[in-house]
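Let's take a friendly walk through this model together. Have the sequence and the 3D view side by side as you read.

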Amino acid sequence: MMPSLLFRRLVDLPKIFSRYPMSYLSYAAWSIQGQFKNDMIGLEFDPQVPGEPKLKGEDVLLHMYGINPKISKWWDLAALAALLYAKANFLHKAKRAPLRKEPLISSKRQKTLNPLASQEGLGSPLP
């Protein structure tokens, strides 16, 4: 949740891990950016001091949140759809082709060498 603009701005995060790879893989980051662009672009706010020019929503996005308003909100939606498609495709392949064919057994004592019916007493015709 750190690279998704919920707690900190993206430019304030450390660049090594949180800012670059994790911000591009976060569903929340793409959806929040698209929502902010949808809400803020085209708005004008009254200035705090009378006589100053009105504050535009694009300036709020750029300077306060670090979101580039020139990039369309539809790119955010496309990135979100691509992430969801990649996740569904990955999960489908993971279910279809397991990495290990036989179950993992840690010791030979737990592994039954013969089927239960052929063991003593179970395959006997006597009750």
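Which residues of H3 are buried? In this predicted model, they are Ala29, Trp30, Ile32, Gln33, Gly34, Lys37 and Met40.

Now look at the helix itself. H3 covers residues 27–40, and its 14 residues should span 20 Å at 1.5 Å a residue. Beyond H3 you will come to Gly42, which has a positive phi, near 95°.

With that helix in place, step back to the whole chain. You can trace five helices and two strands, and reading from the N terminus their order is α-α-α-β-β-α-α. Of the 127 residues in the chain, 20% are buried. The accessible surface amounts to about 10800 Å², and carbon and sulfur atoms account for 62% of that area. As for how the chain meets itself, take the contacts between residues at least 6 apart in sequence: 48% of them join residues at least 24 apart.

Finally, turn to the surface. Here Leu43, Phe45 and Leu55 make up a nonpolar patch, and together they have about 230 Å² of accessible area. Leu55 belongs to strand E2, which takes in residues 55–56. Why is Leu55 classed as partly exposed? Its relative accessible area is 42%, and the class lies between buried, under 20%, and exposed, over 50%.

Methods. Residues numbered from 1 in each chain as written. Predicted model: local features only at pLDDT ≥ 70, side-chain atom pairs only at ≥ 80, totals over all residues. Heavy atoms only, no water. Patch = residues over 30% accessible without salt bridge, like charges linked within 9 Å, V, L, I, M, F, W, Y side chains within 5 Å. Areas by Shrake-Rupley, 256 points an atom, 1.4 Å probe, with all protein chains shown as cover. Salt bridge = Lys/Arg side-chain N within 4 Å of Asp/Glu carboxyl O. Helix = DSSP H or I, 4+ residues; strand = E, 2+ residues; numbered from the N terminus. Buried < 20%, exposed > 50% of the residue type's maximum accessible area, 1.4 Å probe, protein only. Expected span 1.5 Å × (residues − 1). Contact = heavy atoms within 4.5 Å.
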